[in-house]
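I opened this notebook to keep track of what I looked up, one topic at a time. The entries follow the order in which I turned to each part.

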Amino acid sequence: VQLQASGGGLVQAGGSLRLSCEASGSVFSLVRRGWFRQAPGKQRELVATFTSGGSTNSADSVKGRFTISRDNAAKNTVYLQMKSLKPEDTAVYYCNAVAVVGSLSRDYWGQGTEVTVSS
């Protein structure tokens, strides 16, 4: 599985951005898609995820501002719509996918896309 992330950039506080993550390869094995982020000097943290069963999860810090979704036509693409951005949202955002084959699971990561929110 390969993940290609895009959509990062520089935005003012209060602005919006939409990140995209396209998966290719053995996408039939994916059971979870999502976004994580890592700010300078901090550990990588979960932003939002959804499972193939329809369950979603998001960090408290982004609830009500960020929405994760999947392209209904091109189901290999996942989006993270970010609104009301704050300087503390500044980070490198990584798309993630979890594949399960038999009893084995594996995490896949995209290359990261940088989001900078200016105050």
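**Ground rules.** I am working with a predicted model, in which local features need pLDDT of at least 70 and side-chain atom pairs count only at pLDDT 80 or more, while totals for chains, interfaces and linings use all residues. I number residues from 1 along each chain as its sequence is written, and the side-chain values use heavy atoms, with hydrogens and water left out.

**The sheet.** I looked up the strands, which are DSSP runs of E with at least two residues, numbered from the N terminus. I found an open sheet of 4 strands in the order 1-3-8-7, with antiparallel pairing; two strands pair if DSSP finds at least two bridges between them. Strand 1 and strand 7 are at the edges with a single partner strand each, so one side of each has no neighbour in the sheet. I also noted that neighbouring strands of this sheet are turned by 15° against each other on average, direction ignored, where the axes are lines fitted to C-alpha atoms and angles in general run from 0 to 180 degrees between N-to-C directions.

I then followed strand 8 through its pairings. Strand 3 and strand 8 are joined in the antiparallel sense by 6 bridges, and strand 7 and strand 8, also antiparallel, are joined by 5 bridges. Tyrosine 79 in strand 8 stands opposite serine 20, and tyrosine 79 is also the bridge partner of serine 69. Phenylalanine 66 has methionine 82 of strand 8 as its bridge partner. When I checked how covered strand 8 is, I found 5 of its 6 residues buried, buried meaning under 20% relative accessible area, exposed over 50% and partly exposed in between, with a 1.4 Å probe and protein chains only.

I took leucine 80 as an example and listed its contacts, meaning heavy atoms within 4.5 Å. Not counting residues up to four places away in sequence, leucine 80 touches Leu17, Arg18, Leu19, Trp35, Val47, Ala48, Phe66, Thr67, Ile68 and Tyr93.

**The disulfide.** How many disulfides does the structure hold? I found 1 disulfide, counted as a pair of cysteine sulfur atoms within 2.5 Å. The pair is cysteine 21 and cysteine 95, with sulfur atoms 2.3 Å apart. Cysteine 21 belongs to strand 3 and cysteine 95 to strand 9, so the pair ties together parts that are 74 residues apart in sequence. The torsion about their S-S bond is about 60°, so the disulfide is right-handed. Both cysteine 21 and cysteine 95 are buried.

**Arginine 65.** I located arginine 65 in the loop between strand 6 (56-58) and strand 7. Is arginine 65 buried or exposed? Its relative accessibility is 10%, so arginine 65 counts as buried. The side chain of arginine 65 makes a polar contact (a pair of N or O atoms within 3.5 Å; within protein, one must be able to donate a hydrogen and the other to accept it, and residues adjacent in sequence count only if both atoms are side-chain atoms) with the side chain of aspartate 89, at 2.8 Å. A polar atom of the arginine 65 side chain also lies 2.8 Å from the backbone oxygen of serine 61. I noted that arginine 65 and lysine 83 are 18 residues apart in sequence and 5.1 Å apart in space, C-alpha to C-alpha.

**Serine 84.** My last entry is on serine 84, which is in the loop between strand 8 and strand 9. Serine 84 has a positive phi of about 50° although it is not a glycine. With a relative accessible area of 41%, serine 84 is partly exposed.
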